[in-house]
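Reader: I would like to learn how to read a few features of a structure. Please take them one at a time.

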Amino acid sequence: MPFDRYMAMALYEPGLGYYVNGLHKFGLSGDFVTAPEEGSLFAAALARQIDEIAEVLGEPYTILEPGAGSGALARDLLLGLKDKPSRYLILEPSAALRQVQRDTLSTLPSALQACVGWLDAPPEESFTGVIIANEVADALPVSIFEITDKGLRERCVKLGNQRLEWSLELPRPRLKQAFEELTQHLNEALPVGYFSEISLDLPGWIETISRPLQKGAVLLVDYGYPRSEYYLPARATGTLICHFRHRAYFDPFVWPGLTDISAWVDFSAAAEAGQRAGLDVAGFATQADFLLALGAHQCVEQAEDEQSRLRLAGELKRLILPGEMGEKFKMLALSRLADCRLSGMSERDQRLRL
Ligand SMILES: C[S@@+](CC[C@H](N)C(=O)[O-])C[C@H]1O[C@@H](n2cnc3c(N)ncnc32)[C@H](O)[C@@H]1O
């Protein structure tokens with residue numbers, strides 16, 4: 001089977017896939033720690049950005065969060081926002097994670113709990129508001145192409161001698177076309193032996209989630225690169241990565257269903273999909289620049305006591321240092337707003353790199 005089909009099964013096969021099997025994934029006792037799981041600094045900075053957008057919107061607004069994980073971001077945003085949304089909608093395909101999110105949000109005051117709802121698909125009716133997706137695009141299935149001396153091939157998965165193995169097949173037409181479009185943007189030909197990922201689902205996903213957004217912004221946070229860096233000839237073995245109990249490794253056939261499988265996001269492709277959906281690219285920044293522009297460091301300075309200051313300083317370091325999440329994570333802002341100036345993009349907007 002093509003790799004994207006395998007990845008979709010390993011992550012989402014009913015009852016068995018990584019995101020749907022009910023096993024614990026997030027935080028120190030799980031497999032990986034996302035920014036909202038680090039503590040409340042990420043959500044506090046994001047709340048400032050959303051408050052600013054809400055002011056421009058000037059009317060009751062909705063937040064739509066696809067892929068809410070443990071629900072930590074939803075909880076901390078609802079607590080931290082000055083201008084509370086009238087609805088906080090969570091688009092979550094995993095029933096097991098919905099239950100985790102319900103448990104997390106049950107600690108909120110009842111007025112805040114009352115505005116939360118769960119969806120299987122983006123709302124049919126249009127809305128004004130903000131769509132926020134943290135580390136969701138990296139979980140979308142990817143296809144893998146490989147350049148061989150016989151031409152372009154697609155990496156597929158087969159059952160070998162009692163174990164899963166790679167097999168190189170002629171690429172499906174969709175992948176072939178996506179690869180041809182990709183090479184038109186690259187300055188150098190990719191060498192024989194090079195393989196990497198293309199998410200055929202990413203453009204459609206962005207268009208689907210943003211379609212009902214009549215007025216507002218989409219904020220996508222993830223690990224990724226602009227296309228010119230993603231497909232550098234030197235990055236010859238792609239970006240696919242697996243996580244199990246805080247160990248990273250690169251063989252996606254080890255313990256399918258028990259380990260996370262993800263790939264870095266091509267932010268140029270994401271920005272173009274946004275534009276095709278009628279959105280403007282309102283900003284692109286590293287997570288560090290985005291959080292610092294929104295004053296994430298001030299929370300540390302304003303800490304009430306020495307113990308909190310040390311805890312927040314550690315959290316801030318993990319969010320912004322280049323060797324941690326600061327540089328590899330990026331924030332892409334797409335907007336459907338006449339005047340969308342975002343404070344989070346004021347430190348160093350890198351839209352020109354897309
Ligand atoms: C790596 S987790 C990130 C969780 C959370 N946003 C965070 O930052 O902690 C990926 C999440 O995306 C969800 N997801 C995967 N595919 C999705 C899709 N097509 N639409 C919406 N959510 C999806 C998963 O079920 C999971 O909740």
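Reader: What covers the buried residues of helix 1?

Author: Helices (H or I, at least four residues) and strands (E, at least two) are DSSP runs, numbered from the N terminus. Buried means under 20% relative accessible area, exposed over 50%, partly exposed in between (1.4 Å probe, protein chains only). Contact means heavy atoms within 4.5 Å. Here the cover of the buried residues of helix 1 includes strand 5 (143–148), strand 6 (151–159), strand 7 (164–169) and strand 12 (260–262). This is a predicted model: local features need pLDDT of at least 70, side-chain atom pairs count only at pLDDT 80 or more, and totals for chains, interfaces and linings use all residues. Residues are numbered from 1 along each chain as its sequence is written, and side-chain values use heavy atoms, with hydrogens and water left out.

Reader: Which residues of helix 1 are buried?

Author: In helix 1 (residues 3–12) they are Phe3, Asp4, Tyr6, Met7, Ala10 and Leu11. Viewed down the axis of helix 1, these buried residues fall within an arc of 155 degrees, so they line one face of the helix. The arc is that of the directions from the helix axis to the C-beta atoms.

Reader: Is Gln101 buried or exposed?

Author: Gln101, in helix 5 (residues 95–105), counts as buried, at 0% relative accessibility. The side chains of Gln101 and Glu92 are joined by a polar contact of 3.0 Å. A polar contact is a pair of N or O atoms within 3.5 Å; within protein, one must be able to donate a hydrogen and the other to accept it, and residues adjacent in sequence count only if both atoms are side-chain atoms. Leaving aside neighbours within four places in sequence, Gln101 is in contact with residues including Ala68, Ile90 and Trp118.

Reader: Which phi value does His246 have?

Author: Most residues other than glycine have a negative phi. His246 is not a glycine, yet its phi is positive, about 65 degrees. His246 sits in the loop between strand 10 (241–244) and strand 11 (247–249) and is partly exposed, with a relative accessible area of 39%.

Reader: Where is Trp255 found?

Author: Trp255 is in the loop between strand 11 and strand 12. Trp255 is a residue other than glycine with a positive phi, near 50 degrees. At 47% relative accessibility, Trp255 counts as partly exposed.
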